[in-house]
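These are my notebook entries on one structure. I record what I looked up and how each term is defined.

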Amino acid sequence: MDSMLLLHLMSQIFPQKIRVIYIDHQLQSKSAEWGEFVAKQATHLNIPYTIQKVQVTDGNLEAQARQARYQAYLQHLQANEILVLAHHQQDQAETVILRLLSGAGVDGLAAMQSIDHRVDMTIWRPFLDLTREQIAEWTTQLEIEYVVDPTNYDIHYDRAWSREELWPFLQNRFPKMQQALSRTSYLMQDASEILEEVLKADLQNCGMDECLDLTQLLELSSARQRQLLSVWMKGDGQYRPAFEMVERLKNEVIVSKSDAQAALHWNQFYYVRYQHHLYRLSRQVFLAEKLNPVETEMEHYFQLGEIVECASGQFQITQKNMGLSASLLNKKLKIIRRQGGEKVHLYGRVGQWPLKKAIQEAHILPWLRHTIQILVIDNVMLGVFTPKGFWLAQSPYCEQGGWQPDLISYSCNLVNGEDGYDKCSK
């Protein structure tokens, strides 16, 4: 009823600017017949229409159907178009109740917005302040045909149960419950907007998308820490993590022992701590050592100006004030994977010291260390390829005006090393 009223009103207000899409979830025996009904109505109103069938996966049927529906909308929405939906005041009140029973916070209780600007679409809900009774009266006056979906009365589904069982019970005691819950959603939207301003300032102070400065974070109150971690974990997603997941991040990663190497996996990302920073890593970055193992040994003939692809990034062979002898150009050199236990005598430093120590002092992040490779000739170390650049080693092959590999791009998108600290620390 509400959707068909919306169609008729929009056809009068924006007759040349609207399109209709009917999503067939294929969950009802008559769903295709309902699609034909929508097509007939759209044709009568001279409105172009689309019938889109979707497959609903197993699990929470309501949630999966909603996800499939919105994915279908995205396939058809064009640039600068707005998705117009017919949610009304009772829908809003029911959403507040269901969110409350699921343990939602401010954002959840804010429920649906009249104008909802999302990352991937903008939604307009012009009926959000109308009661179902007003919509029914309007529909009757305009003699609009509509279809009744029997699942709206199937109390197997949470929303239908709320509408059929819980709603009459509560409304009998609180006659103005619907308006009160709708008002609560608006108050929560105000609170959410204020909280968003505080969180934006806290996030700017504590870090960036991929990294948080824990020193700055831990100076905030527990409530602000929890809210900041929640919105940071949400990222560009639509929903925040559950309260329990934020607590796990704090207890299992942030306050774990410094040598614990703890990691938490949530929503396709891994959350890990290194020294005084918390990182959010994609699966590709966190599991890079397993997904893209580095070759044990490879041979290469270097030439000036060429770009060499190494595990830690792309390096261009350039001439430097101090570098490797020109006699090594076009000569077979080996690039070997770091095994552990190596010692290096870096050019300009006194004596040999463990390569591991040099890596730690350079603040190379643990999940990038597998990309470190060593350049050798006849068992003589010439230098080390790292995500922080090429480290020239002291050897008989060092000379004035020699050449060196110069790092021009990282092998992964994560900002690493001191650059990452600068951006996290602000």
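Is Y270 buried or exposed? I find Y270 buried, because its relative accessible area is 13%; buried means under 20% relative accessible area, exposed over 50% and partly exposed in between, with a 1.4 Å probe and protein chains only.

Before going on, I note that this is a predicted model, in which local features need pLDDT of at least 70 and side-chain atom pairs count only at pLDDT 80 or more, while totals for chains, interfaces and linings use all residues. Residues are numbered from 1 along each chain as its sequence is written, and side-chain values use heavy atoms, with hydrogens and water left out.

Entry on aromatic pairs. I searched the whole structure and found eight aromatic pairs. Rings of Phe, Tyr and Trp (its six-membered ring) pair if their centres lie within 6.5 Å; planes under 30 degrees apart count as stacked, over 60 as edge-to-face and the rest as tilted.

I looked up Y70 and Y73: their ring centres are 5.4 Å apart and their planes stand at 85°, so this pair is edge-to-face. Both residues belong to helix α3 (residues 61-76), three residues apart, which is about one turn of the helix. Helices (H or I, at least four residues) and strands (E, at least two) are DSSP runs, numbered from the N terminus. Y70 is buried at 15% relative accessible area, and Y73 is buried at 10%.

I then returned to Y270, whose ring centre lies 4.4 Å from that of F286, with the planes at 15°, so the pair is stacked. This pair links distant parts of the chain, since Y270 is in strand β9 (residues 269-274) and F286 in helix α12 (residues 283-286), 16 residues apart. F286 is partly exposed, with a relative accessible area of 26%. I also recorded a cluster of F315, F385 and F390, linked by ring pairs.

Entry on a charge over rings. Over which ring does the charged end of R280 sit, 5.3 Å from its centre? I found that ring to be F269. R280 also lies over the face of W232, at 5.2 Å from the ring centre. A charge sits over a ring if NZ of Lys or CZ of Arg is within 6 Å of the ring centre and within 35 degrees of the ring normal.

Entry on helix α8. I noted that α8 (residues 177-206) has 30 residues. Its buried residues include M177, L181, L199 and C206.

Terms used:
Expected span 1.5 Å × (residues − 1).
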